[in-house]
Amino acid sequence: MDLGIAGRTALVCGASKGLGFGCALALVQEGVNVVIVARGQDALQAAASQLEASATGGAYVKAVAADITTEAGRAAVFAVQRDFDIVVTNAGGPPPGDFRDWDREAWLKAVDANMLTPIELIKATVDGMAKRGFGRIVNITSSSVKSPIDILGLSNGARSGLTGFVAGVARSGIAGQGVTINNLLPGAFETDRLRATMEGGAKKSGQPVEAVAEARKKTIPARRFGTAEEFGAICAFLCSTHAAYMTGQNVLADGGAYPGTY
C-alpha cells in the first residue's frame, strides 16, 4: 500500500532506538524525510546511519542531539527544520515506584516530559500544518492510559493529562484543515525500558530474567512481545493519507492484553 506521504517531512522524537526508531524507520521507508532527535549523540548517529541506508525516494535524514523535554532542546530542533508535516512525540517514561515516595519535583518532571513537551510541540507545528492543509501528529503514550499500572503512577497521571488535552484539540478547527492528532498506546514491546523493568523484577524475585519474561508473555494473548518494526508500521499508517478520517483516537497496540471491550 502506498501511504501517500513520500516527500513529506517528519520530526520523530526519542528516535535513537526502540519505538521511536521503529517509527522513523517506517517513515523513511515510505520516502518521508525525517529529523530525529534524542539525547545520546553516539546512539543517535548510529540510528541516522541505519535510517539513511533504509530511506527510499531520496528521503533525507537529519539528526539533532538534544533533550526535547527542554526549551533549549526544542529550539535546537527548530533551528534545523522549522516546518513539519508529521510530528511523532515520544519521551522516556518516568520511573516506577510507590506514590508515597514521589515529591512535587518528581511529579513536575513527569508532567513536563510526558504531557507539556508534546503540547509544546503541537503548539509549535499545528498552525503551519493547518495552513498547508496537511498534518499528522502521533503521540506515543502508553497502554497504562487505558489500563493503569499501580507502580507507574507518574506515567498514568502525566500521560492521562496529555490524552485529555488531545481529545479536545484534535476536534477543534484544525480537524477541518487536514490535521489529525492521535495517540499510539504501546503495551509490552521489546525495548530497553521493558528489559530494565524485567531485570528489576528478576532481582526483586530472585528469578532469572528469562523466567520473568516468559511469565509476562503468558499474560498477553499473542504470547509474545511486540517489535519496534510493527509498532512503526502502525505509526506510519496513522501518518498516511488513508488515515485522514481518524483523529482524537487512542490506538492500543498490546497483543490483546487489555481485557476491556471499549
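Mentor: The expected span of a helix is 1.5 Å times one less than its number of residues. Helices (H or I, at least four residues) and strands (E, at least two) are DSSP runs, numbered from the N terminus. This is a predicted model, in which local features need pLDDT of at least 70 and side-chain atom pairs count only at pLDDT 80 or more, while totals for chains, interfaces and linings use all residues. Residues are numbered from 1 along each chain as its sequence is written, and side-chain values use heavy atoms, with hydrogens and water left out.

Take helix α4, residues 104-132. Its 29 residues should span 42 Å at 1.5 Å a residue, and the end C-alpha atoms are 41 Å apart, which agrees.

Next, the buried residues (buried means under 20% relative accessible area, exposed over 50%, partly exposed in between, with a 1.4 Å probe and protein chains only). In α4 they are A110, A113, N114, T117, P118, I119, L121, I122, T125, V126, M129 and A130. An α-helix has 3.6 residues a turn, so residues three or four places apart point the same way.

These buried residues of α4 pack against helices α3 (71-80) and α5 (153-169), and against strands β1 (9-13), β4 (86-89), β5 (135-140) and β6 (179-186). Contact here means heavy atoms within 4.5 Å. Just after α4, G133 takes a positive phi of about 85°.
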